[in-house]
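Please look over the chain shown here before reading on.

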Amino acid sequence: MIKKDLAQGEISVIDDFLPADTFLTIRERMLSGSFPWYYYPYKSYEDSGGGVYDCQLSHTFFRDEEWNSNAMWAVEPVLSIIDPKVVVRIKANLTLASHFVAPCGMHTDFDNSLVTTAILYMTECDGGTVFDDGQRVESIPNRFAYFNATKRHSAETFTNAKARCVINFNLVV
């Protein structure tokens, strides 16, 4: 379903990526009061200079070659569709509303061109994902966007919802 040979700079977007009932169950459980979110004092990287809005809640499912979460139910449906060769990192981010829409800090996820970054958008808001070449992906529930992990990108702050939630996948496909 996903291209394994993305052209340099290409961003692919798939709407309605998961079956609707699967997606809604994952979103409901992740946005419930019992899902374990952890505070991070920055959004994209340390010392990004974002001030008081430069923080988020995160949940790391997988990193350093091991599962760090008992909530694998949230990512297994995506992994079963993609069937990656290697899982590098999987992390969910939850950010809260701001008074303005602006990028949070351009970054790359990894310096390895074999790694693909994928984002599953869980909520809708006016803050999307922007790229240093001017491209933008809107935050639409059950939208799946993927691109080479070396591509510079940034989440945006948002104003029209309580929270923005995404699951970020870093994979070798």
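Which kind of link do the side chains of Asp 64 and Arg 63 form, and what is its N to O distance? They meet in a salt bridge at 3.6 Å, N to O, where a salt bridge is a side-chain nitrogen of Lys or Arg within 4 Å of a carboxyl oxygen of Asp or Glu. The model is predicted, with local features needing pLDDT of at least 70 and side-chain atom pairs counting only at pLDDT 80 or more, while totals for chains, interfaces and linings use all residues. Residues are numbered from 1 along each chain as its sequence is written, and side-chain values use heavy atoms, with hydrogens and water left out.

**Overall make-up**

- The chain contains 2 helices and 11 strands, which are DSSP runs numbered from the N terminus (H or I of at least four residues for helices, E of at least two for strands).
- Read from the N terminus, the order of these elements is β-α-β-β-β-α-β-β-β-β-β-β-β.
- Of the 173 residues in the chain, 46% are buried, a term that stands for under 20% relative accessible area, with exposed meaning over 50% and partly exposed lying in between (1.4 Å probe, protein chains only).
- Among the contacts with a separation of 6 or more, 74% are between residues 24 or more positions apart, a contact being heavy atoms within 4.5 Å.

**Salt bridges**

- The whole structure holds 5 salt bridges, and one of them joins Asp 15 to Arg 143, with the closest N and O atoms 2.6 Å apart.
- That pair links distant parts of the chain, since Asp 15 is in the loop between β1 (11-14) and α1 (20-30) whereas Arg 143 is in strand β9 (residues 143-148), 128 residues apart.
- Asp 15 is partly exposed at 41% relative accessible area, whereas Arg 143 counts as buried at 12%.
- Glu 156 is buried at 9% relative accessibility, while Arg 136 is partly exposed at 39%.

- Asp 109, in the loop between β5 (86-96) and β6 (116-121), is buried yet has no salt bridge, and Arg 89, the nearest side chain of opposite charge, is 4.3 Å away.
- For that comparison, Lys and Arg count as positive and Asp and Glu as negative, while His and the chain ends are not counted.
- The side chain of Asp 109 does make a polar contact of 3.3 Å with the side chain of His 153, meaning a pair of N or O atoms within 3.5 Å in which, within protein, one must be able to donate a hydrogen and the other to accept it, and residues adjacent in sequence count only if both atoms are side-chain atoms.
- Leaving aside residues up to four places away in sequence, Asp 109 touches Arg 89, Thr 117, Ala 149, His 153 and Asn 170.

**Strand β11 and its partners**

- Strand β11 (residues 163-172) is mostly covered, with 9 of its 10 residues buried.
- β11 pairs with β5 in the antiparallel sense over 10 bridges, pairing being defined by at least two DSSP bridges between two strands, and Asn 168 in β11 is the bridge partner of Lys 91.
- β6 and β11 also run antiparallel, joined by 6 bridges, and Phe 169 in β11 is the bridge partner of Ala 118.
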